[in-house]
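Here is a friendly walk through one protein model, with a stop at each of its main features. Have the structure open as you read.

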Amino acid sequence: MSYERTNIQQMTGYSSGEQPRQAQVIKLNTNENPYPASAAVAQALAGIRVEDLRRYPQPLANGFRQVAADYHQVEVDNIIATNGGDELIRLLITTFVDPGQTIAIAEPSYSLYPVLAAIQNCPVTRIDLQEDWQMAPDFAERLNASGARLAFIVNPHAPSGVLTPVARLREIAQSFDGVLVIDEAYVDFIDPELAYNAVPLIQTLNNVVILRTMSKGYSLAGLRFAYGIGARELVAPMLYKTRDSYNTDVISQVLATAALADREHAALGWQKVREERERVGQALCAMGFSCSPSQSNFLLARVPLHDSRYESPEILARECYQRLKDEGILVRYFDMPRLRDKLRITIGTAQENNQLLHHLESCLRPE
Ligand SMILES: Cc1ncc(COP(=O)(O)O)c(C=O)c1O
């Protein structure tokens, strides 16, 4: 006899990208930042004493929330700090959706959403993105027709990197009858010339929550720290009712605060990633790959379509993934509709990217 709830018995857990132990692997599979966090973070880490761990952390991470509020020009009450973006997603689901109510997601997107929905025993409506990875004109109507209480969109989109403008997000949020989560895990890599900023939406729309993470833009994936920005009425129940009592720890609060305060350092890395994204994109294109226009720290590259040695582009994509892996280079291959002929490649350092391009070229070269 199993003691698990029936829906837990029936569900499949989240499958993370490979996290190899060997340091020499070139890791371009989970969209981590190729550059280290700022010296201010190293200094803050060195300043933490074992004695500081004797006591519980600030329950709401108020020091961090203040820095985040100042940065985004919102009130502290508009910010919730969480143990990674993943915890915020879980809180959004458990706070705003009853078991049995529908959650909607733009498809494809972050594969953790359906897993957390399954834990809450919620059906998921998947609304396919268009060919260009944008949301269809009737996206909001389809959200409403599904009866969704909560909907997730990723902007810039993962896994394509395509950016939806703020005006379109506003239209969708205004028309949607539930809570709209704009997952901005990769927002820091957007070209500054586009002047993208969705945060002002929360001032006039009380159904929008924006997810930000320190994992990507601030090189702190190992720390597990993220935050949500939303109307006070949305943030308060998560802060005061559904959050774990001490959901972020002493060390992560100190380091995340130091990192967010030193955005100048992080911004140097964002710029290098953009430059490499452009260079790698052009090199892939010259080899016959085609990439969607990415504003993120990864490229979704479709393999060249006409290679007579392979039965199908899907087989070629899988072969490229495997051959790169054999060479110690990890990229992400998704065995999912619309993605089987593509590789998602995180932008690494120039040296890592050169290795990637070199080995991809030899994958395509006739023997
Ligand atoms: C689209 C998206 N949202 C959220 C996250 C969660 O990030 P974290 O839990 O590291 O903050 C990720 C991580 O890969 C992601 O790709």
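## Two helices side by side

Let's start with helix H11 and helix H13 (residues 350-364), whose axes come within 11 Å and cross at roughly 10°. Angles under 35 degrees count as roughly parallel, so H11 is roughly parallel to H13. Keep in mind that this is a predicted model.

Which residues make the contact? On the H11 side they are Glu276, Val280 and Ala283, and H13 answers with Ala350, Asn353 and Leu357. By class, this contact of H11 with H13 has four nonpolar residues, one polar and one charged.

The protein chain is split into domain 1, covering 17-34 + 264-364, and domain 2, covering 39-261. Their C-alpha centres are 26 Å apart. To the contact, domain 1 brings 22 residues and domain 2 brings 20 residues.

On the side of domain 1 that touches domain 2, the elements giving two or more residues are helix H11 (263-286) and strand S10 (298-302).

## The seven-stranded sheet

Next comes an open sheet of seven strands with mixed pairing, in the order S2-S8-S7-S6-S5-S3-S4.

Leu150 stands opposite Val179 of S6. Helix H4 (residues 84-96) packs on the sheet and touches S2, strand S3 (103-107), S5, S6, strand S7 (208-213) and strand S8 (226-230). The direction of H4 makes about 160° with that of S7.

## Around the ligand

How many residues surround the ligand? There are 13, and the closest are Gly84, Gly85, Ala185, Thr213 and Ser215. The helix H4 turns up again here: H4 gives the most to the shell around the ligand, with three residues. Sorted by class, the shell holds six nonpolar, five polar and two charged residues.

Technical notes. Residues are numbered from 1 along each chain as its sequence is written. This is a predicted model: local features need pLDDT of at least 70, side-chain atom pairs count only at pLDDT 80 or more; totals for chains, interfaces and linings use all residues. Two strands pair if DSSP finds at least two bridges between them. Helices (H or I, at least four residues) and strands (E, at least two) are DSSP runs, numbered from the N terminus. Two residues are in contact if their C-beta atoms, placed from the backbone, lie within 7 Å. Axes are lines fitted to C-alpha atoms, for helices over the stretch in contact, and angles run from 0 to 180 degrees between N-to-C directions. A residue is near a molecule or strand if its C-beta atom, placed from the backbone, lies within 6 Å of it. Ala, Val, Leu, Ile, Met, Phe, Trp, Tyr, Cys and Pro count as nonpolar, Asp, Glu, Lys and Arg as charged, and the others, Gly among them, as polar. Domain bounds come from an automatic or database domain assignment. Angles under 35 degrees count as roughly parallel, over 145 as roughly antiparallel, 65 to 115 as roughly perpendicular and the rest as oblique.
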